Structure formats: structure tokens, C-alpha cells
Amino acid sequence: MARIGRQRTVSDRSVHLRQDEVTTDLLLDTVSADRVSLDRMSIDGALTVRSCHIDELVIDHVEADALMVVNSRIGRLTIRNASMGCEVTVIDSALDFLALHSCGTTRLERLRVEELVQVNALRGTLHISNTRVSSLTIRSQATGGRLGRPRVNVRGLKAREDITFDDLWLSAIGLEDVETCELSLQRVRLDEPLRASDLRCSEAVRVNGLVIPAEESTITNSTVRGSVDVRNLGLCESSDGAGAASTARLALHNTSVTSLTLASVASSVISLHGSSVTGTLGLPSGRSRYSLDSSSSVGDMELAGQVFRNGAQALSFLERSFTEVTAAALESVRSALAKRNRNREVDELYYLARQREAAEMPPLRRAVGRGLLGGVLGWGVRARNPARVLGAGVVLTGVVLHLAGAVRDPGRGLTDVTVAGKSFVLAMALWLNVGTGTPSELKTAEWTALAVSFTAAGMLLTTLIVGIVIRKLVR
């Protein structure tokens, strides 16, 4: 190998070849060395490193049709400034450290890297598959040239520490079957939606400054045993439009996370479809909101001192935090209140949830649910609803009895206060089942039927009111 270069340096087990031309393919086969450096060489063909054991291999500014490292054991492998159109392939090898800078299409397959894999200024598509590393970092701006912006496809990657994408403008990122402690996407811009599936993170997923197109980006069938922190989720300017298209959307499908937080100045939505937040769902800030479907669940929700004195305040909070007030959203807030023993507000949320569930029923069941069970009986948690109905029933019955003259003696008019008072006392006796009896004028079958009906309704309402009040006092 040392003979091929006019400008070369040979020292013990190290060789440095520089500024030379090779008119054929260059093959390094079963080479054992401390350090090999190829600098500013032109190769009319492919450069292949096969079955070598080298402590440090540096390939810098080498022009070749292809560059391949296969079935080798290399301590530190550095490839810089590969020529345009030169595909870099590193497969079936064991490395301590791998650094790629300003390379075109790159393929990394079946590697074992003890330390860091660092990729800077990528100029072509990067494929990583069936590889184990300590950590992976892909950073620095990758601009689009005549070949377009690069893509990153990662499949079957296991990182003991972290995977970082930093300061990139890519065509797309695809992650499949990736296992790591921490995944970070910082200042990343994508021309196509993010696609991630079978992602397993033991600590955290951090997204800061991710810019995506209007189409929904997705994370599918994944598990994050830690926090998912999404900040400054933005929309590509070319995708900006009216309505839903002006919102950046990230969806979690069949995914489990421990906690989820969202903060964004621009309009953004994180949707949960068949997914669960086993820990805490943080309050969204800025113009960001969540979307929950009926098959999603939230263990707890950050309330940040929110107090719900009535249903209007609860609905206002839900509308600020979620794209729509669904049963799942109501249940999430209700569960969070229950964990804090805020029982009065729990009852308020339960009432709202049942009323909304009844609103989606067929007309007859909707009328019975919202009108009778909700409006009259308060779903067993609102004492003021049956109390209002009972009070209104007593007043209305008293007015009717007074107008009908049930307890008015001949010659006494409607303006007689004493007679009016007797009518209202009789109405209270009928509704509250006091048992004072009825005047002789009411000793007919019709009046008896009315009295029994009023008494039965009154017993139901008073029993319900007393039960609700006792339940509140016991809690």
C-alpha cells in the first residue's frame, strides 16, 4: 500500500498517503496497522477496506466512485469530504468511534460502535440499519443542492445513551424499531411528515423547534418510559393556509408515554389515538392544544391552580386545553381532580360528562337522559337540580290550588292572603309528605290521585337531595 503514493509517510505501523492518483480500484485487504490516512487522493474506481484491523483510519478529500468499509475492526474511522456521487458504505464492522463529515449517500449496516457516531453536514440520504451504538448525533445544516435535501432512514438501531438530530433541514426522517435512552430533535425542519414507529425510549423524547408540513406527523406503536417534551412545534411556510392546514399536528398512535408536555407559540396540536399518558399530562401553553379520542387515557393532568366553581369555568378550561370537549377530555380532568380530593369539582365534571354522553343518544333516550336524569335529578351529584324542581313544583301546585279554590271558603276572593297561605301550605304537605291530611273538598278520587302523585314525586326528590347532601358531608 505504501508503494502506490508518490507523497507518502511511513512510520512503523502507520502510513499517510496524500495527493496522488490511482488509475484502478484501490483495495485494502487484511491490513493491520496503527494509523492509515488517505488525504486528497483521486481513485479511478472504488476504495474498499476489507477485513482490516486498524486503530485509526482517516479518509479525507478522496475522489472515488464508491467508498466501502466491510468486515473490519477499526478503532477510529473518520471520513470527510467525500466526492459528490460517491456512496459511502460501512457494513459488518466493529468500531470504537465513527465520524462522517460532508458525505453524500451513506449506508451504515450491521455495525457495533462502542462510542459515538457523529454525522455532520450530510449531503445525501443516510441509511442506518441493524446497528448498535453508544450514541448517535446528526447535526449541522444540510442544504439542498442539485440532488435535493437529504433523507434520514433509521431502522433496527439500538443506542445505549442518546440519539440527537440538531440544526437540520431534511427531506424526511423515518425511524423504525429504534431503542434508546433519549431522543432529541432540535431545530429540525422537514419537507415531509415525521414518521416514527416501534420507538422505545427509556428516559425522554425532547422536541424543540421542529418544523413540519401540514400533513399529520405520527409516532406509532411506541413506548416512552419517561417524559415527552414538545416545544415550538411549527408549520412550514409553504404549508401555511387557512383552517386546519395552519396547524402543526403530531399524532401518537397506540403509544404509551409517562408524561407529556406541549408549549408552542404557533398553532399546534398533539393528538392521542389509542394512546395513554400513564403519568401527568402537562397544561399546553401558547397556541397549543391536545386532542384525545375515546380510546385514549390520561392518568393525571396538571391543573396549575385552576379552580372550577361552575360548569362554565370547567368548559372554558377544557376548550383552552383541548381541540374539542370530549368524554375522554372530561374524564381526564375529572380524574385529576379526584386525585386531589376536590370532590365538588369532580361532581361538576361528572355531571357535564353525563350530559354530553346523553346528547349523543337517540332522540327519546336523549330527552330522558338530559331532561329527566340530568335536568331534574342532576345525575345524582347535583343537589340544586332536584331542589329547584321541588321548589318549583311546590310553588306551582300552591298557585293552582289557590286559583282552583280548593281551600277557599265561599265569599273569600283570590286576594285573601290567608287563603293563599293555606294553599301553599297544602302544596308543601302534598309534595313533602308531611301527612297533614286534605280538606273535605279534596276527598275525591281525582284529588287523591293527584295527592299520591305529588307525594311520590316529592319523596323521590327529597330522598335524592338528602342523599346527595349526606354524600358530600361524608366525603
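This report walks through some side-chain contacts in the structure above.

The model is predicted, so to speak of local features a pLDDT of at least 70 is needed, side-chain atom pairs count only at pLDDT 80 or more, and totals for chains, interfaces and linings use all residues. Residues are numbered from 1 along each chain as its sequence is written, and side-chain values use heavy atoms, with hydrogens and water left out.

**Rings that pair up**

Let's start with the aromatic side chains. How many aromatic pairs does the structure hold? There are three. Rings of Phe, Tyr and Trp (for Trp, its six-membered ring) pair if their centres lie within 6.5 Å; planes under 30 degrees apart count as stacked, over 60 as edge-to-face and the rest as tilted.

One of the pairs is Tyr290 with Phe322: the ring centres are 6.3 Å apart and the planes sit at 50 degrees, so this pair is tilted. Tyr290 is in strand E27 (residues 285-292), while Phe322 is in the loop between helix H1 (311-321) and helix H2 (327-339), so the pair ties together parts that are 32 residues apart in sequence. Helices (H or I, at least four residues) and strands (E, at least two) are DSSP runs, numbered from the N terminus. Are these two residues buried or exposed? Tyr290 is buried, at 0% relative accessible area, and Phe322 is buried too, at 1%. Here, buried means under 20% relative accessible area, exposed means over 50%, and partly exposed is in between (1.4 Å probe, protein chains only).

Trp431 and Phe454 make another pair, with ring centres 5.2 Å apart and planes at 25 degrees, so this one is stacked. Trp431 belongs to helix H6 (residues 417-432) and Phe454 to helix H7 (residues 445-474), so the pair links parts that are 23 residues apart in sequence. Trp431 is buried at 10%, whereas Phe454 is partly exposed at 21%.

**Charges over rings**

A charge sits over a ring if NZ of Lys or CZ of Arg is within 6 Å of the ring centre and within 35 degrees of the ring normal. The charged end of Arg76 does this with Phe97, 4.2 Å from the ring centre. Arg149 has its charged end over the ring of Trp169, 3.7 Å from the centre.

**Salt bridges**

Side chains of opposite charge can pair when their charged atoms come close. A salt bridge is a side-chain nitrogen of Lys or Arg within 4 Å of a carboxyl oxygen of Asp or Glu, and a search of the whole structure finds 24. The table gives some of them.

| Salt bridge | Closest N to O |
|---|---|
| Arg110 and Glu109 | 3.5 Å |
| Arg187 and Asp166 | 2.6 Å |

Arg187 lies in strand E18 (residues 172-190) and Asp166 in strand E17 (residues 162-170), so their bridge ties together parts that are 21 residues apart in sequence. Arg187 is partly exposed at 49%, but Asp166 is buried at 10%. Salt bridges that share partners also join Glu87, Asp92, Arg107, Glu109 and Arg110 into one network. Within it, Arg110 is partly exposed at 39%, while Glu109 is buried at 17%.

**A nonpolar patch**

Lastly, which residues form a nonpolar patch on the surface? They are Leu364, Val368, Leu372 and Leu373, with about 360 Å² of accessible area together. Patches are made of residues with over 30% relative accessible area and no salt bridge: like charges are joined within 9 Å, nonpolar side chains (Val, Leu, Ile, Met, Phe, Trp, Tyr) within 5 Å. Accessible areas come from the Shrake-Rupley method with a 1.4 Å probe; for residues, only the protein chains shown count as cover. Leu364 is in helix H4 (residues 363-376) and is exposed, at 67%.
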